[in-house]
Amino acid sequence: SKWKESLIARTLARRSVNLMQLVYGQPVSNQASAVSDSSESEQSDDEDFFKPKGQANKGIDDKSSFDDINAEDCSKFPKSDLKDWHARDLIESIKDRFVTGDWSKAAK
Amino acid sequence: MGKVAYKKLKGSKNLRQRLVLATLAGTPVVVEEIRSEETSPGLRPYEVSLLRLLESISDDCLVEINETGTKLRYKPGVLMGGKRHIHDCGLSRSIGYFLEPLIILGLFGKKPLTIRLKGITNDSKDPSVDTFRTTTLHILKRFGVPIGDGLDLKIERRGAPPLGGGEILLQIPIVPNTLSAAHWIDEGMVKRIRGIAFSTKISPQIVNRVIYAARGIFNSFIPDVHIFSDHRTNATGGGSPGYGISLVAETTTGCLISADVAVSDRKADEMEEEMDEKPKLTPPEELGEQAASMLLEEIEQGGVVDSTHQGLLFILCALCPPDVSKVRVGKLTPYGIETLRNIRDFLGVTFDIKPDPNSGTVLLKCVGSGIKNLSRKIS
C-alpha cells in the first residue's frame, strides 16, 4: 500500500553497506570456503586446456575491474554519463553546497 | 642476495602504488603474470619508463624484467632525490601518470628533488599537469609538507598527444622527519571556481569558446568564476594540436575539488584498437560543459578531495606517524578501494570505514604506520 512506500525507501536509505567488508573482504572463516570453491573450478577448467590468447582476454573484459589482475592503472574514474546540469531540480539539489546557498542547511 | 624475501604479487594492476609502497616500506617485490594472457603480453613502455625513473632517483635499487616482460623483480633502494634529473616520459602515457608516484616518493628522499619531465602534459586519461599544480600539491600541505619554496611545478611547454613535446619542472621538498596526521573532515562550501583552459597549435578562439561554455553552467550557482586561458604556439606548444580545461572549486575550508578534460587528435593506439573509426573530437562548447558537469558532480558527491585524489589521500594518511587521521571522501572509487587494500598489504594499516548517511559521504579513520624519512641525512 501507498503509506508503506516512504517507509521502505527510508529503511533502504538508512541501511548502510558494510564498507569495511566491501574493501577488506570477508572474515577469515568465509575466505577458506571461497578458496576451496576456486580450486574446484580450476579442475573443471582442465578440459579446455589450450585456450587461444585472444579469448582469455575477452573473458577478462567481461569481469569487473576488481577481478582483473591486469586492470589499467589509472586514478581517474571516468563517468560514462554526465547529468544535465541545466535541469532546474538538479541545480536546486546542490545549491546549498555553495556559499551563495542557504548556510543553515549546509551546516549539518 | 638469494636470502631476500620477496613479496609476491600478480598482474600489472596498481603497479605504481605497489612500487611506491614497496619503496617506502622497503619491501622487495616480485610481480608475476603481467598481462600473460593477453595478445601483447608483458610490461607496457610507460611502465618500463616508470621503473627507469625509479632507478634514476634512487640508489642501489634493483629492477629485473624477464624476456617477455611478464615478470618483474624490484628491490627498492635508498631514495636520493637531487637536482638536474631529466626524464623522458614517452608518449604512451601522459606526465600525470609519472607525477602521481613521484610526488610521494620525492618527499621521502635524501635531498629535495628537482626533475624535468618531458612528454604529454594534458590528456584525458591521467590528471593533467594543471590539476597537479592547482590541486594535488596543495593536498600535500595538509599533511605537514613544508609550505613555501621547494614545492612547485612549472609548465614550461605544453604537449598534447600524440606527439607530446611538453616539458615541466617539478620541485618536491623532503619531509624533515615524518608527515603529520590530518583531521580533515569538513568540506565546507564552495566559495569560488578557478580554472585554466589551454590550447596548443590551434586558434586561440577555441579556448574562449571552452571557457564561455563552462561559465554558462556555473552561472546558476556562483558568480565568482574565473578561468584563465593559456594559449601556446610554436616551441612552447609541443607537437600536436589540442585543447582542454582544468577546473578547481575552492571551498570555505580550503578544500580543492578538481576536474579536467582534454581533447586531441589521438592516433588509435593499442587501447582503442577495437574501435575501427577514429574517436570523434569533442567540440569546444561540449568540452566546456562536460568539464563543468564533471566538477559539479564531484561537488555533489562531497568529501574533502575529488574522486581522482582519493588514492593519494589514503596513502598520505597511512604514511603519517602513529596518530589518528580522519578524512571524509565522497563515494569510494575502485582505485580508492584498491589503494586501501594495497596499504593494508604493504604497511599493515587498516582503515576504519564508516558511511555517513546524512550526507552520503564516507568517513575514514586510520592510525598511521609511522614511516620515517630514513634516507634523510642526519647531521
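**Exercises on contacts in a predicted model**

At 36% relative accessibility, Arg209(B) is classed as partly exposed. The model is predicted, and the exercises below work through its contacts.

**Exercise 1.** Find which residue Arg209(B) meets in a salt bridge, and state where the two lie.

*Solution.* Step one: the partner is Glu285(B), with a distance of 2.8 Å from N to O. Step two: Arg209(B) belongs to helix H5 (residues 205-218) of chain B and Glu285(B) to helix H6 (residues 284-301) of chain B, so the pair, 76 residues apart, links distant parts of the chain. Step three: Glu285(B) has a relative accessible area of 34%, which makes this residue partly exposed.

**Exercise 2.** Describe the salt bridge of Asp73(A) with Arg16(B).

*Solution.* Step one: the closest N and O atoms are 3.0 Å apart. Step two: Asp73(A) is in the loop between H4 and H5 of chain A and Arg16(B) in helix H1 (residues 15-25) of chain B, and the pair crosses between chains. Step three: both Asp73(A) and Arg16(B) are buried.

**Exercise 3.** Determine how the rings of Tyr46(B) and Tyr97(B) are arranged.

*Solution.* Step one: the centres are 5.1 Å apart and the planes make an angle of 80°. Step two: planes over 60 degrees apart count as edge-to-face, and the pair is edge-to-face. Step three: Tyr46(B) lies in helix H2 (residues 45-57) and Tyr97(B) in helix H3 of chain B, 51 residues apart. Step four: Tyr46(B) is buried at 3% relative accessibility, and Tyr97(B) is buried at 0%. Step five: Tyr97(B) also pairs with Phe98(B), with centres 5.2 Å apart and planes at 80°, so that pair is edge-to-face. Step six: Arg93(B) lies over the face of Tyr46(B), at 5.1 Å from the ring centre.

**Exercise 4.** State how many disulfides the structure has, and check Cys317(B).

*Solution.* Step one: a search of the whole structure finds zero disulfides. Step two: the cysteine sulfur nearest to that of Cys317(B) belongs to Cys366(B), 5.0 Å away; a disulfide would need the sulfurs within 2.5 Å. Step three: Cys317(B) is buried, with a relative accessible area of 1%.

**Exercise 5.** Give the strand order of the open sheet of four strands in chain B and name its edge strands.

*Solution.* Step one: the order is E1-E2-E5-E4, and the pairing is mixed. Step two: strand E1 (7-10) and strand E4 (62-65) are the edge strands, each pairing on one side only. Step three: E1(B) runs parallel to strand E2 (residues 29-32), and four bridges join them. Step four: Lys8(B) has Val30(B) as its bridge partner in E2(B).

Technical notes: Residues numbered from 1 in each chain as written. Chains lettered and ligands numbered in written order. Predicted model: local features only at pLDDT ≥ 70, side-chain atom pairs only at ≥ 80, totals over all residues. Heavy atoms only, no water. Salt bridge = Lys/Arg side-chain N within 4 Å of Asp/Glu carboxyl O. Buried < 20%, exposed > 50% of the residue type's maximum accessible area, 1.4 Å probe, protein only. Pairing = 2+ DSSP bridges. Phe/Tyr/Trp six-rings, centres within 6.5 Å; stacked < 30°, edge-to-face > 60°. Lys NZ or Arg CZ within 6 Å of the ring centre and 35° of its normal.
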